[in-house]
Amino acid sequence: MAAESDERFMRLAIVEAKKAETLGEVPIGAVIVKDNQVIARGHNRREQLQEPTAHAELLAIIEASRKLSSWRLTGCTLYVTLEPCPMCAGAIVLARVDRLVYGAPDPKAGCAGTLMNLVQEARFNHRAEVESGVLREACGRLLSDFFQKLRSRRNHS
């Protein structure tokens, strides 16, 4: 049952990632779920906002905190198409997100198990449960297709 729910919510994160792509952003999307309901959504907006912290996860965390009127996101699961970077992994810990589910690993900046595991670091006062690889191929394909198109456009200009 959990696997079905995880895939269902990851598909919603993929929808968010596609929104980012339509804006010319790296296609990464996130949703936050509490009590089996989506309470927040986010997609990358760094280029649009010219803001280095406008990652999908952070935008979703901000929205969820506002919706719950609390910075503590206990009881929440964050679904994101790409493994969180150090900044987002830190925000997950600080926001007390209970569970992180991600699609594709990030060999360049992944901090939920690939390069390091900040979300489960024993020295912090909070650790999130991590589920990796949910719809991994679909999530990874979004990114590889995006960067392939970007390289193709650059080579033809």
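A polar contact is a pair of N or O atoms within 3.5 Å, where one must be able to donate a hydrogen and the other to accept it. Keep that in mind as we look around this predicted model.

Let's start with Glu16, which sits in helix H1. Its side chain has a polar contact of 2.8 Å with the side chain of Lys19. Is Glu16 buried or exposed? Its relative accessible area is 3%, and because anything under 20% counts as buried, Glu16 is buried. Leaving aside residues up to four places away in sequence, Glu16 touches Ile28, Gly29, Ala30, Val31, Arg41, Gly42 and His43.

Now for the sheet. Five strands make an open sheet in the order E2-E1-E3-E4-E5, with mixed pairing. At the edges you'll find E2 and E5, each pairing on one side only. On average, neighbouring strands are turned by 15° against each other, direction ignored. E3 and E4 run parallel and are joined by five bridges; in one of them, Val80 has Tyr102 in E4 as its partner. Helix H5 packs on the sheet, touching E3 and E4, and its direction makes about 60° with that of E4.

Finally, the core. The largest nonpolar core has 46 residues, and Ile32, Leu73, Ile92, Leu100 and Val119 are those with the most contacts inside it.

| Helix | Residues |
|---|---|
| H1 | 2-22 |
| H3 | 56-68 |
| H4 | 86-94 |
| H5 | 136-155 |

Strands E1, E2, E3 and E4 also give two or more residues each. As for Val119, its contacts beyond four places in sequence include Ala89, Ile92, Leu100 and His126.

Conventions. Residues are numbered from 1 along each chain as its sequence is written. This is a predicted model: local features need pLDDT of at least 70, side-chain atom pairs count only at pLDDT 80 or more; totals for chains, interfaces and linings use all residues. Side-chain values use heavy atoms; hydrogens and water are left out. A nonpolar core is a set of buried Ala, Val, Leu, Ile, Met, Phe, Trp, Tyr and Cys residues joined through side-chain atoms within 4.5 Å. Buried means under 20% relative accessible area, exposed over 50%, partly exposed in between (1.4 Å probe, protein chains only). Helices (H or I, at least four residues) and strands (E, at least two) are DSSP runs, numbered from the N terminus. Contact means heavy atoms within 4.5 Å. Two strands pair if DSSP finds at least two bridges between them. Axes are lines fitted to C-alpha atoms, for helices over the stretch in contact, and angles run from 0 to 180 degrees between N-to-C directions.
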